[in-house]
Amino acid sequence: MSVVILLDAGPLGLITNPRASQETRDCNLWLESLVLKGVQVRIPEIADYEVRRELLRGDKFKGIKRLDDLQQYLDYVPLMTKTMLKAAQFWAQVRKQGIPTADNKALDGDVILAAQATIIKDEGNEVIIATTNVGHLSRLANAKEWRNIP
């Protein structure tokens, strides 16, 4: 069984942020340490979308380049039909339970990310979602704040 870490938009945004702050440096060092240990760190397409749309809106070309370059080093998890079917199930499930992760009219990237994590887990991997927003994702999947992942 392999350990797979999926980057949610929060850590992915920190990693691709060209401005050097303590948090961005720490996040990049964290990512580098995982890669050096041979941990599979992957970029879910939904997280790329969430980060990329904001970079494009803000004309943040250095960030876009960093996001594009990161795909050279990390595996990319594309969206597939089975992902969206699973996400629809999760979306309906959390609403029936009264614990939605987004507005009813929102696309709800969290359920899509949780669906991607579930599919990778069903392939025989241990999956951890590295996030800065444990609250919503913890309702759906094994999410941990990026700072707390060994």
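Reader: Axes here are lines fitted to C-alpha atoms, for helices over the stretch in contact, with angles from 0 to 180 degrees between N-to-C directions. At what angle do the axes of H3 and helix H6 cross?

Author: The model is predicted, so local features need pLDDT of at least 70 and side-chain atom pairs count only at pLDDT 80 or more, while totals for chains, interfaces and linings use all residues. Residues are numbered from 1 along each chain as its sequence is written, and side-chain values use heavy atoms, without hydrogens and water. Helices (H or I, at least four residues) and strands (E, at least two) are DSSP runs numbered from the N terminus. The axes of H3 and helix H6 (residues 109-122) cross at roughly 150 degrees and come within 8 Å. H3 is therefore roughly antiparallel to H6, a label for angles over 145 degrees; under 35 is roughly parallel, 65 to 115 roughly perpendicular and the rest oblique.

Reader: Which residues in H3 and H6 meet?

Author: Glu45, Ile46 and Glu50 of H3 meet Gly109, Ile112, Leu113 and Gln116 of H6, where contact means heavy atoms within 4.5 Å. This contact of H3 with H6 comprises three nonpolar, two polar and two charged residues. Ala, Val, Leu, Ile, Met, Phe, Trp, Tyr, Cys and Pro count as nonpolar, Asp, Glu, Lys and Arg as charged, and the others, Gly among them, as polar.

Reader: And at what angle do helix H1 and helix H3 pack?

Author: Helix H1 (residues 9-16) packs against helix H3 (residues 45-57) at about 55 degrees, the axes being 9 Å apart. The two are therefore oblique to each other. Ala9, Leu12, Gly13 and Thr16 in H1 meet Ala47, Asp48, Glu50 and Val51 in H3.

Reader: Turning to the strands, how many bridges pair S1 and strand S4?

Author: Five bridges pair S1 with strand S4 (residues 126-131) in the parallel sense; pairing requires at least two DSSP bridges between two strands. Ile5 has Ile128 as its bridge partner in S4. S1 also runs parallel to strand S2 (residues 40-44), joined by three bridges, and Leu6 stands opposite Arg42 in S2.

Reader: Why is strand S1 largely enclosed by the rest of the structure?

Author: Strand S1 (residues 3-7) is largely enclosed because four of its five residues are buried. Buried means under 20% relative accessible area, exposed over 50%, and partly exposed in between (1.4 Å probe, protein chains only).

Reader: Is Asp108 buried or exposed?

Author: Asp108 counts as buried, at 4% relative accessibility. Asp108 is in the loop between helix H5 (81-96) and H6. Apart from neighbours within four places in sequence, Asp108 contacts Trp91, Arg95, Thr101 and Ala102.
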